[in-house]
Amino acid sequence: MLFHIKQSHAPADCPYGKGGSKSLFDASVAGVTLHGYWLAFPQHTTYLVVETDEVGRLQDFLKPGAGRTLCEITPVSTEPVS
């Protein structure tokens, strides 16, 4: 299943110079494929598209940003559901 993730943080929690925005998620989690990553630097927001079939793995993927980020997770598909 595909998920669109909007991950944002407060300016005070910005990882710039401290690992960067990619330090807010763990792309090495088994069973999660990162299909896309985009950064809106002035808004302190990243956008990701990931694929996984297990919510626990999705949570593991996002753990590095826990306590510093707010995530909006939306299931998405490439085809309309009929």
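Aromatic pairs and burial in a predicted model

User: Why is phenylalanine 25 called buried?

Analyst: Phenylalanine 25 has 7% relative accessibility, and buried means under 20% relative accessible area, exposed over 50%, and partly exposed in between (1.4 Å probe, protein chains only); therefore phenylalanine 25 counts as buried. This is a predicted model, where local features need pLDDT of at least 70, side-chain atom pairs count only at pLDDT 80 or more, and totals for chains, interfaces and linings use all residues. Residues are numbered from 1 along each chain as its sequence is written, and side-chain values use heavy atoms, with hydrogens and water left out.

User: Why is tyrosine 37 called partly exposed?

Analyst: The relative accessible area of tyrosine 37 is 24%, which lies between the two cut-offs of 20% and 50%.

User: What makes tyrosine 16 exposed?

Analyst: Tyrosine 16 has a relative accessibility of 63%, and exposed means over 50%.

User: How many aromatic pairs does the structure hold?

Analyst: The structure holds 3 aromatic pairs. Rings of Phe, Tyr and Trp (its six-membered ring) pair if their centres lie within 6.5 Å; planes under 30 degrees apart count as stacked, over 60 as edge-to-face and the rest as tilted.

User: Why is the pair of tyrosine 16 and phenylalanine 41 called edge-to-face?

Analyst: Their planes are 65° apart, and over 60 counts as edge-to-face. The centres are 5.6 Å apart.

User: Why is the pair of phenylalanine 25 and tyrosine 37 called tilted?

Analyst: Their centres are 5.6 Å apart and their planes stand at 50°, so the pair is tilted.

User: Which residues do ring pairs link into a cluster?

Analyst: Phe25, Tyr37 and Phe61 are linked into a cluster by ring pairs.
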